[in-house]
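Thanks, everyone. Let me put the model up, and then I'll walk you through it.

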Amino acid sequence: MIQLTQVKQWMRQHGQRHVVELQIWDLVLCCWLLGWAALPGLILLQDWLMLPVLLMGTLLPTAYVRWRCRMHRAGRLRCDWLCALQ
């Protein structure tokens, strides 16, 4: 599991210089939260067709961080907040 708190704190401290990145991270966290918050309703309503969507939402922060790390290592995208994860 990635350290969501450390990345979010870094984003808040450096958000003036990285406005788009801060907005993308907020969107990723909203999807993550919606994935977890909608899970009880999904179970109660037994709407199993939405289960893959909710699972993708809960796994989105990890997938996003891994994708950014890969792009940073390849030199295709600079990622200044990687230092917050170490």
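Tryptophan 25 is buried, because its relative accessibility is 0% and the cut-off for buried is under 20%. Keep that residue in mind.

One caution before going on. This is a predicted model. Everything I quote is computed from it.

Now the overall layout. The protein chain has three helices and zero strands. Along the sequence the pattern reads α-α-α. Helix H1 covers residues 4-14. Helix H2 covers residues 19-45, and helix H3 covers residues 51-73. The C-alpha atoms fill a box of roughly 45 × 25 × 20 Å, along the principal axes.

Next, burial and surface. The protein chain has 86 residues, and 36% of them are buried. The accessible surface is about 6100 Å². Carbon and sulfur atoms account for 65% of that surface. On contacts, take residues at least 6 apart in sequence: 47% of those contacts join residues at least 24 apart.

Back to the aromatics. How many aromatic pairs does the count give? It gives two. One of them joins tryptophan 25 and tyrosine 64. The ring centres are 6.1 Å apart, and the planes sit at 40 degrees. That makes the pair tilted, because stacked needs under 30 degrees and edge-to-face needs over 60. Tryptophan 25 is in helix H2 and tyrosine 64 is in helix H3, so this pair ties together parts 39 residues apart in sequence. Is tyrosine 64 buried or exposed? Tyrosine 64 is buried, at 11% relative accessible area. Trp25, Tyr64 and Trp67 make up one aromatic cluster.

On to the charges. A search of the whole structure turns up two salt bridges. Take aspartate 26 and arginine 12. Their side chains meet at 3.8 Å, N to O. Aspartate 26 belongs to helix H2 and arginine 12 to helix H1, so the bridge ties together parts 14 residues apart in sequence. How covered are the two ends? Aspartate 26 is partly exposed, with a relative accessible area of 24%. Arginine 12 is partly exposed as well, at 48%.

Now the other bridge. Glutamate 21 forms a salt bridge with arginine 68. The closest N and O atoms are 2.2 Å apart. Glutamate 21 lies in helix H2 and arginine 68 in helix H3, so the pair ties together parts 47 residues apart in sequence. Both glutamate 21 and arginine 68 are buried.

Stay with arginine 68 for a moment. Its relative accessibility is 5%, so arginine 68 counts as buried. What else does its side chain reach? It reaches the backbone oxygen of arginine 78, at 3.0 Å. Leave out residues up to four places away in sequence, and arginine 68 touches Glu21, Leu77, Arg78, Cys79 and Trp81. For a sense of spacing, look at tryptophan 32. Arginine 68 and tryptophan 32 are 36 residues apart in sequence. In space they are 17 Å apart, C-alpha to C-alpha.

Now to the outside. Met50, Val53 and Met56 make a nonpolar surface patch of about 280 Å². Methionine 56 sits in helix H3. Its relative accessible area is 56%, so methionine 56 counts as exposed.

One backbone detail to finish the tour. Most residues other than glycine have a negative phi. Which way does glutamine 46 go? Its phi is near 55 degrees, a positive value in a residue other than glycine. Glutamine 46 is found in the loop between H2 and H3. At 54% relative accessibility, glutamine 46 counts as exposed.

Let me recap. We have three helices and zero strands. Trp25, Tyr64 and Trp67 form an aromatic cluster. Two salt bridges turn up, and in one of them glutamate 21 and arginine 68 are both buried. Questions, please.

Note on methods
Residues numbered from 1 in each chain as written. Predicted model: local features only at pLDDT ≥ 70, side-chain atom pairs only at ≥ 80, totals over all residues. Heavy atoms only, no water. Phe/Tyr/Trp six-rings, centres within 6.5 Å; stacked < 30°, edge-to-face > 60°. Helix = DSSP H or I, 4+ residues; strand = E, 2+ residues; numbered from the N terminus. Buried < 20%, exposed > 50% of the residue type's maximum accessible area, 1.4 Å probe, protein only. Patch = residues over 30% accessible without salt bridge, like charges linked within 9 Å, V, L, I, M, F, W, Y side chains within 5 Å. Areas by Shrake-Rupley, 256 points an atom, 1.4 Å probe, with all protein chains shown as cover. Salt bridge = Lys/Arg side-chain N within 4 Å of Asp/Glu carboxyl O. Polar contact = N/O pair within 3.5 Å; in protein donor to acceptor, adjacent residues only side chain to side chain. Contact = heavy atoms within 4.5 Å.
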